[in-house]
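Please look first at a single side chain and its surroundings, and then at the place where two chains meet.

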Amino acid sequence: MGNRRALLIGIEEYGDDFASLPAVRQDVAFVGKALSACGYEVEKVSSDAKADVLGNTLRLFCETCDKDDVHIIYFSGHGRSVGGKDCLVAAGASRDDVDDLENDYSRVETNLGRFVDRGLVVFFIDACRDGAIAKSGETFGNELVDEPRFIRVFGCRRGERCQVLRKAEKNEAEISIFSKALGGVLLERRHSTLSAVLDRTAESCMDITDKAVLEPQLPRLDYGELTSEKQKILKRRIFDPPVVFSIWEQFNPNHMHCLLIESESETIETPESELRKIVSLTTKGGYGRKVWNAFHKYANDKLLLNGKRREIAESPRDPPIHLATIVVKDAYQEHVFDNVVRALVEADLVIFDVTKFEPGVLLLMGIRSASRRGVSISTHGGGWRELDEIEVPFNLSDLSLNSHTKPKEHKEQGKVADTLVRRIEYGFRQLAKQPRYQDLPAYDALRQLGPLYEAASTIPASTHILMLSSYRVLYEENWLFLSNEIIGCLPSDDWKVLRLVDLGNPQLVSQFLYEQIRRAAACVVDWTEYSPSTFFELGVRLAVSEWGAIQLVDDRYLPEGEQSKRWERMFGQIENMHALFDPFTYRLFGDTSSIRNAIELLLKRSPAMDESHKRDRVYRRVSEAIQDVAETYTPVHKQLIDAADALHHPLQGREGAPQILFRHSRESSSQHAKTESERAAKELRIAAWMYMEYRLKAGYLKRDDPLRQLYEKLGEESASSLFDADEGDLARLILDSLQEKSAETYKPVYKQLIDAADALHHPLQSREGAPRNSGDGSRQLAKIESAKELRIAAWFYMEYRLKPKGELERNESLRKLYEKLGEESANALFDADEVNLAQRILDSLQKQGKQA
Amino acid sequence: MNSHFETVLRKVEVQRKSGDAYRKNGNKECASEAFEEGERLLDKALSLPDQENVDPKLLAEAHGARGGILRRLGKRREALQAYKDGALIEKVHGLNSTYNRLNFLKYQLLTGDEKLRALEPELKSLAEFIENSLTNTSKVAESNVRDSGWAWADLADCHALLGDLDKAEKFYITFIEKSETKSPKTALDVLNEVAKHLEESGDPDCERVRAAATSLASRLGISTS
């Protein structure tokens, strides 16, 4: 977004025949404050500026407006039409001066369009248009101005006066009605497109005049003929509405990330919603620890695509849980949306407030469901409680809905948080246990397309164009109209546009729908009716397809359209989504040019050639974010073991508990299903072991390496099942290999030396006096000498090899052995009158002892 | 400690099966080596200090596995003692598993310490205990014993030894449906062994057990070794 600058002009005092305007000071102050709150850099022109200064300042202000910039000029004072041109009256000017056609030193023209080459300049003029002071009878504000980049907005209609609201209290300042309304709407910051601000300002003016029992006053837009280009400009955002959210800057693999998407309708009256309080509770204290422990079970030790391993601390006192909260309407702001998509992918836990199944929430759910298998909780408020009847969007019909409606009984207040925490815990536990865990539809259906090459290939537009839209009866005439128009735009008669129902596939809707959404190159989505299902599908489509979607909407469903009133409590998100996605607008049974444009774009689009990335924006954001959070594929041996265990677990033999379905048979001796599951499990286990043996060479890893331990366990289990199947030869091959690896692991050097020393002359021998070996005395002495030297060698190995590596610090039993060995060696050295070396060893031991 | 016991039990199981396979092929020497390795592993584990830190279920299982290995080595006396130790753990800790308790009774027959008739009250009491734990809903909720094929096998064994073939068959079928394919054969092998020994020791009820084993094998379509 470009620069936002505002220039404020307020002229209070004039010369002869112009009334002074005491309200101007307050007008400028109030509008200035509002524009400043909207992020505008506000500049004020001196109230006694002469016409030449004023004119130059305005010209320069317009000329410096750059591409993507929005500049606002605000004027409160007298206006005058002179020679057919609308002019501002400069400070101190008299009526005669202003009306002098020969000289323009006391007036400034308001048509500044010729100075605006780029960006957008909006000129708000709070001045009367009743012609009461016009000598010529010309009314101010009638000049024809028709520049797309320059818009004038007058505070009243032709023939009306811009009225002032008299002070009700002594200390209250007078203020012009238009300025009060405009400033109020801007301060509200609920509407951010120019058209919405103007509409709301007009409503506010009417309200104020009505309450103050004044003549009606309606602001007027002066923008010439409203072409589609101009309509688009009017829909442009003139400031960014405030956003209350705090999405983490970077994903930390060792923390937990939680995102709450709040519904708009639930936050209109209470911006600090109950749900936000409840979710906040679940991330702290005892609740937070419960959630964390469940999360630990799922996430700890997971290897991510970027090579990082998630190290999730076990039972920390204050679990590092990041909670980001955003109201759905704010999620669709231009500068916020990318971050929200990133958070939807990164979050380990997302909580969606699905109250009223708002389209904005459903679209975000679609993105989440397509991109991540984490835990997602769908919770419904608005008075709904579990077991109450509810109409759920058809493609979410098996969603397990939570209720966050306040309990009826006061004593049950804590129950809502309890239930939510229980759901989260259960979700993470199941996610840890079940490789195919899902709490939203689509994830597997988008990926499990079968092994054939064609299964995941793109379905070309020539095969069919996929249409996602409402299925309500009311929509039927839109479908008939649209499908006819679209077919008319297609290059050949055998091209078709189809909805899911028209494809005639007997497969489950959920399986078939998401396959189509992923594979179809051409997809048209009609927003009309704001059907929750359609928006969920749109979210999925935008997340998984670089082809994106061509989006259309019936003009009655535009934010200002007659039908949009039905979605009054979702207005913010609808307005923001329109501004963000900019769907093509069509008129039912009317002009079809926009449909033609949309289909032309659809057919000629090729993702790789598209540099604007407008259509694949979500897909790209998801692709970027997924790199940091996606887990690596489960290692092959683990997949095989899991598959084997799911068929026939090794514990089954010990417990005798059944694992497969349909194990009963008429003849007890012919239990084919059971035998087959045991056989398949055995083969999978053997394959896993062989992979570990020959590919991973796990048998050569250190004994305490978990992979080595798994290799041994698996080998024994495989051998066990082979023996059961009377395949002893292969079982023995496996056992022999395990045995061989076991023998190949050498003892640590110090241990070998000590063992060799002990074998020659054990330290206890001196204390017990028992003979170790028979033989003559000189041989015995030689053995004792050799044992001493071996022990010294072992001690020096520990001193100079293991100690610098810090192994003594890490391993307490090793340190104790080092001390014991040092003392034994020193003793032996003292016995052999080698006092210096003995003392050196003791010094080292003492030093080590102090350090310890 | 628990994971160590799990590992030992796994290693012993594979040694036992290895030994069984050798024995089946007539290689008695190698079979004995495998069983002895299993015995060594169990002896070592069961002589470790801090046994009180081990899950009693695993401890009982280790005694039971030791009994099985010793039986294969022909050390019936030691096997009887192993089952007795396991049975004590089962009782003291109120375990649902009755494997050691039942084998303790069977081995009293195998060693000739008791006649079948003398053990009837204990067999009845054990059968009652198993039936109770299989129908007690609170217990079921706690330990899923109803899902354990071995409980049904033990119950069937009790009824087979008590001469109630109909009940034995019914419970054996449940056991067969739940357990691994190979398990019923192992169970019937023991029953046959008991029958054979009762015959050798001139127990008046030996025919009852022999008939039970034969009839069950034929009804269940299992060939015994």
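B:Arg72 lies in helix H3 of chain B, which covers residues 56–72, helices being DSSP runs of H or I with at least four residues, numbered from the N terminus. This is a predicted model, in which local features need pLDDT of at least 70 and side-chain atom pairs count only at pLDDT 80 or more, while totals for chains, interfaces and linings use all residues. Residues are numbered from 1 along each chain as its sequence is written, chains are lettered from A and ligands numbered from 1 in the order in which they are written, and side-chain values use heavy atoms, with hydrogens and water left out.

B:Arg72 counts as buried because its relative accessibility is 13%, and buried means under 20% relative accessible area (1.4 Å probe, protein chains only). Leaving aside residues up to four places away in sequence, B:Arg72 touches B:Arg16, B:Asp20, B:Arg23 and B:Phe35, where contact means heavy atoms within 4.5 Å.

Turning to the meeting of the two chains, 27 residues of chain A are in contact with 28 residues of chain B. Between chain A and chain B there are four salt bridges, each a side-chain nitrogen of Lys or Arg within 4 Å of a carboxyl oxygen of Asp or Glu. The side chains of B:Lys24 and A:Asp726 form a salt bridge, with 3.3 Å from N to O. On the side of chain A that touches chain B, the elements giving two or more residues are helices H22 (650–655), H23 (672–695), H24 (706–724) and H25 (728–744) of chain A, and H24(A) gives the most, with eight residues.

Notes
Buried means under 20% relative accessible area, exposed over 50%, partly exposed in between (1.4 Å probe, protein chains only).
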